Amino acid sequence: MSQKAGPRPRVAGARSAGIGVGTAFGTFGELLQGVLPEEDGDFLVTLPVARWTMATFRPEPDFGDVVVRPGGKTKALQLARTIGELAEKRTGVPSGGTLRVNSVIPEGKGLASSSADLVATARAVGQALGVEMPPARIERLLADIEPTDGVLYPAIVAFHHRTVRLRGILGSLPVMAVVGIDEGGSVDTVDFNRIPKPFTLADRHEYARLLDRLSCAVRRRDLAEVGRVATRSAQMNQLLRDKWSLEPMREICREVGGLGVAVAHSGTTLGILLDTADPSYTQRVSAAAQACGELAGGVTVYRTLSFPGAAGAARG
C-alpha cells in the first residue's frame, strides 16, 4: 500500500512563494548624451519623468518555466529566466512562474521603456524568489541583454549606457514640466547604438565640458543652465539623428520663456522644459502646448521627478 507523500522539505535559504512587485520610471530622453574623450566614453545623463512600468511575478514551480504577459516582452522574459536560474541554483526550488509587465511608457520613442521594463522585472522576480537586486547586480544582468538607461537609480545620473555602468550620481532638481511632441515612427535602441558616432575629438572634449557644466548646475539647482546644456546636446546630436522640429521647438521655447529643449537622442521625441515654480508657469505651459500642437499635431505634458536625498545616494 503506497503512502501519501508528505510536504516537500523546506530548502535552506528558500523563502515561501509570494508575488513579487517591481516598478521603474521612464525618462524624457536625456539631458545630455554623447561621447567623452576616453575609452568606452559613450554616456548619457537621465531626465526621469513620472511615467512608470510595473512588473509582477507569481512563482509557480509546477510550470517548469517562466511565461510573460504580454508575450512580446521577450527581453523581460530573458531576464526573468536568468534570475530564476540564479535562485534555483541556490535553493533547488524550481523557478517557473508568470511575469506580467504593465507600462504607460510609449515604446520606441526614446523614453526608456525597455530599460524600465527590465529594471521593474529584475525587482519583481528578485523579490518573489528571494534574490537581492542591488543596482550593481541589475547592471551586470542587463549588460548581457542590451544598452540601458540609468533608471535603476533614484536620481539624475551620468550613465555609460553601452557598457551599462554608473558614472556618477548628479543629484536631483526641482520639478519641471516637459511639453513634448513626437516626430513619429520608432527607433530600435539596440540598432541605434551600433551606429558609429561621427563626433570629432573636439566634440568629445565639448561633451566633457557640458557634463561638468550640467553636474554643477544640478548641484546648484540651476534650471536655466540645465536648459542651456540640454539644448546644446540636442543641437550636437543632429549629426547623429537629425530632428526636423528642433529649430522650430527652440523658437517656441524662446517665445514662451522656456528653459531649453530636451530630446530623446536615440528616439523621436522633443520637449520644452519649463519651471513649474515660475509665477508665470500656467501661461507659459498653455502657450507652449498650443504652439507645439500647431507644429506637430499632438502634445503630451510630462512632469519630471524630484528625489529628496539623491545627492547622498550610494551605489548598491
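What is the volume of the largest pocket? The volume of the largest pocket is about 530 Å³. The legends below describe a predicted model, in which local features need pLDDT of at least 70 and side-chain atom pairs count only at pLDDT 80 or more, while totals for chains, interfaces and linings use all residues. Residues are numbered from 1 along each chain as its sequence is written, and side-chain values use heavy atoms, with hydrogens and water left out.

**View 1. Confidence along the chain.** The pLDDT is the predictor's confidence in each residue, from 0 to 100. The protein chain has a mean pLDDT of 90, and 93% of its residues reach 70 or more. Residues 1-16 have a pLDDT below 50, and this stretch has 13 contacts in the model beyond near neighbours in sequence. Contact means heavy atoms within 4.5 Å.

**View 2. The largest pocket.** On a 1 Å grid over the protein atoms alone, a pocket is an open set of points with protein on both sides within 12 Å along at least five of seven lines, and lining residues have an atom within 4 Å of a point. Grid points are joined across faces, edges and corners, and a volume is the space filled by probe spheres set on the points. The lining of the largest pocket consists of 30 residues, and Lys75, Ser113, Ser114, Glu146 and Thr189 lie nearest its centre. Two or more lining residues come from each of β1 (20-35), α1 (74-91) and α2 (113-129). The most come from α2, which gives five. Helices (H or I, at least four residues) and strands (E, at least two) are DSSP runs, numbered from the N terminus.

**View 3. Glutamate 146.** Glutamate 146 is found in the loop between α3 (135-143) and β5 (156-160). Its relative accessibility is 5%, so glutamate 146 counts as buried. Buried means under 20% relative accessible area, exposed over 50%, and partly exposed in between (1.4 Å probe, protein chains only). The side chain of glutamate 146 makes a polar contact of 2.5 Å with the side chain of lysine 75, and another polar contact of 2.5 Å joins glutamate 146 to the side chain of serine 114. A polar contact is a pair of N or O atoms within 3.5 Å; within protein, one must be able to donate a hydrogen and the other to accept it, and residues adjacent in sequence count only if both atoms are side-chain atoms.

**View 4. The buried side of α7.** In helix α7 (residues 246-256), the residues Leu246, Met249, Arg250, Ile252, Cys253 and Val256 are buried. They are on the same side of α7 because they cover an arc of only 160° around the axis. The arc is that of the directions from the helix axis to the C-beta atoms. Among the elements that cover these buried residues are β7 (176-182), α6 (223-236) and α8 (281-296). After α7 comes glycine 257, with a positive phi near 75°.

**View 5. Aspartate 275.** Aspartate 275 belongs to strand β9 and is partly exposed, at 23% relative accessibility. Between aspartate 275 and methionine 176 the C-alpha to C-alpha distance is 4.9 Å, although the two are 99 residues apart in sequence. Not counting residues up to four places away in sequence, aspartate 275 touches Val175, Leu223, Leu259 and Tyr281. The side chain of aspartate 275 also reaches the backbone nitrogen of alanine 277 at 2.9 Å.

Technical notes. On a 1 Å grid over the protein atoms alone, a cavity is a set of points where a 1.4 Å probe fits but cannot get out, and a pocket is an open set with protein on both sides within 12 Å along at least five of seven lines; lining residues have an atom within 4 Å of a point.
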